[in-house]
Structure formats: C-alpha cells, structure tokens
Amino acid sequence: MNRQAQAVVMLLLGGAVLKTGFGDLYLRYVKEGLQPFLIGAGALLVAAAVMTLWYELRPRRVTPHGHEHHHEPRIGWLLILPVLGLLLVAPPALGSYAAGQAGSVLTAQNSASDYPPLPAGDPVDVSLLDYASRAVFDQGRSLTGRTLRLTGFVTPGPGGEPMLARMVLSCCAADGRPIKVGLTGAGPSAVAPDTWVQVVGTYSDRVAKDAVNGADVPYLQVTGWQEVTPPKQQYE
C-alpha cells in the first residue's frame, strides 16, 4: 500500500475518531473522562494524514534516468472498508448478550465498612452497583424502609426470568462487566432483552448466585416499573 493510500486511511480513521469523540457516541466505547484524549488522538491522526498527503502530492523532480514511480497494487485500498464501516455504522453499547456471558462485578473488593444514608425523599434513585453493594455487604441496613428506583436494561436470568443489569467499565468497553440485580414481585415479565426499564421497589433479602462466576446477585422487591429511553451514559 503506497503512502497516499495510507494517508487516506489515516485521515478517515482520524475523522471517525473525531466524529465519535465530539458527540455522545464515544460513551459506548470509553468512560466519559477519556473524551479529551480521544479527541486529541483523532486530531493527531488527521494532522499526520494531511501532512503525508501534502508531502506525497507536491510536485516531484524528474530523475536523471527518467524512471517512473510504480504504485503498489490497488487492492490495498480495500483497507478503507473497515474505516468506512466505523464511520457509517455505530455499534450499540454492550447489552444483555455481554451481561449473560460475564459474571457480576460484585465481589468482596466492592465492600466498604460504612455506607452513608441515602438522600432524603422517596423514591430515591440508586445505581445498580450501589444497591447491590448495600444489599450484600451492608445486609440492606441502609436500604430498609426506603422506596428505591433503579434503571437498567433487561437481561434473561439463568432460568429465563428477567433481571436488571448495567455494564460497569474500568476504562473502556473491552473491559466491561455487568452488575446484575434480580427482580421479584411485579417485575417486567414480558419484556424483550435489552429493553431499558425503570423499576421502583423495596429492599429484598433474597440473594442468588451468578451462574457464571458464583458472585452474589441481590434481589429487589418490585412494586412498579416502566419502559424508558436508554440514557446518554449507559455504563456505570
């Protein structure tokens, strides 16, 4: 592949990175705090591509022997296709399939010696990771007597029953792992996987084991639920 082709591929790749970084699309791949680095990387790719094209397309001196420059096979341009795919097709955020293939992130390292009281006012919004940690490691003491509201996507449990889940990122989607909460009571029993729902309920002392890694999976006693639009930030 000649340098002109390399520069075009690099230009398209940098443009795809910039397009992803300046919108909300990047949140499907990396944590929010990495946006400046993503934009910087895209800008460097574009700048390098422009400089390469300028160097390659400037007028050239004819060699004393009149030799012509032979270009590499045109099949190298097919390398542009994956980059165009990145530009034109936006893969969705990790969902129920990824959640079903990985074990819950709720392990002993998430525990803490003390959990502060939840904010005043019911129902109170609680993240899935916070609810699961309080339910398992605090034995639900800070949850008892409160009406709780959790938001996540539906994923099938081991027996096909619906569970609530969200993916937790350490850095990017490549290391994403799910946090899972079982649902008992009036939960969304006939909802397709990957449907985003908001459930309202109370603490339940029921705990199951994740079939993938054996981690504890706490339950929520559901009193009501509704479908919601997927949030801008789909990961925890």
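The model is a predicted one, where local features need pLDDT of at least 70, side-chain atom pairs count only at pLDDT 80 or more, and totals for chains, interfaces and linings use all residues. Numbering runs from 1 along each chain as its sequence is written, and side-chain values rest on heavy atoms, with hydrogens and water left out.

Along the sequence, the order is α-α-α-α-β-α-β-β-β-β-β. Of the 236 residues, 38% are buried (buried is under 20% relative accessible area, exposed is over 50%, and partly exposed lies in between, using a 1.4 Å probe and protein chains only). Counting contacts (heavy atoms within 4.5 Å) between residues at least 6 apart in sequence, 71% join residues at least 24 apart.

Next come the cores. A nonpolar core here is a set of buried Ala, Val, Leu, Ile, Met, Phe, Trp, Tyr and Cys residues joined through side-chain atoms within 4.5 Å. The largest one holds 24 residues, and Tyr131, Leu148, Leu150, Val199 and Leu220 touch the most other members. At least two residues come from each of α5, β2, β3 (162-168), β4, β5 and β6, with α5 giving the most, at 5 residues. Leu148, setting aside neighbours within four places in sequence, has contacts that include Leu118, Pro123, Tyr131, Val199, Tyr203 and Leu220. Apart from this core lies another, of 9 residues, among them Ala93, Phe153, Ala165 and Ala173.

Strand β5 also carries Gln198. The side chain of Gln198 makes a polar contact with that of Thr151, at 3.4 Å (a pair of N or O atoms within 3.5 Å; within protein, one must be able to donate a hydrogen and the other to accept it, and residues adjacent in sequence count only if both atoms are side-chain atoms). Beyond four places in sequence, residues in contact with Gln198 include Arg149, Leu150, Gly224 and Trp225.

As for charges, the whole structure has 6 salt bridges, each a side-chain nitrogen of Lys or Arg within 4 Å of a carboxyl oxygen of Asp or Glu. In one of them, Asp210 meets Lys180 at 2.9 Å, N to O. This pair links distant parts of the chain, 30 residues apart: Asp210 sits in the loop between β5 (196-209) and β6 (216-227), and Lys180 in strand β4 (residues 177-185). Asp210 is buried at 7%, and Lys180 is buried too, at 8%. Asp122 pairs with Arg146, with the closest N and O atoms 2.8 Å apart. Here Asp122 is partly exposed at 42%, while Arg146 is buried at 16%. Lys209 and Asp216 form another bridge, at 2.6 Å between the closest N and O atoms; Lys209 is exposed at 57% and Asp216 partly exposed at 24%.

Finally, on the surface, Leu81, Leu84, Leu88 and Val89 form a nonpolar patch with about 410 Å² of accessible area together. Patches are made of residues with over 30% relative accessible area and no salt bridge, joined within 9 Å for like charges and within 5 Å for nonpolar side chains (Val, Leu, Ile, Met, Phe, Trp, Tyr). Leu88 belongs to helix α3 (residues 80-88) and is exposed, at 71%.

Key: Accessible areas come from the Shrake-Rupley method with a 1.4 Å probe; for residues, only the protein chains shown count as cover. Helices (H or I, at least four residues) and strands (E, at least two) are DSSP runs, numbered from the N terminus.
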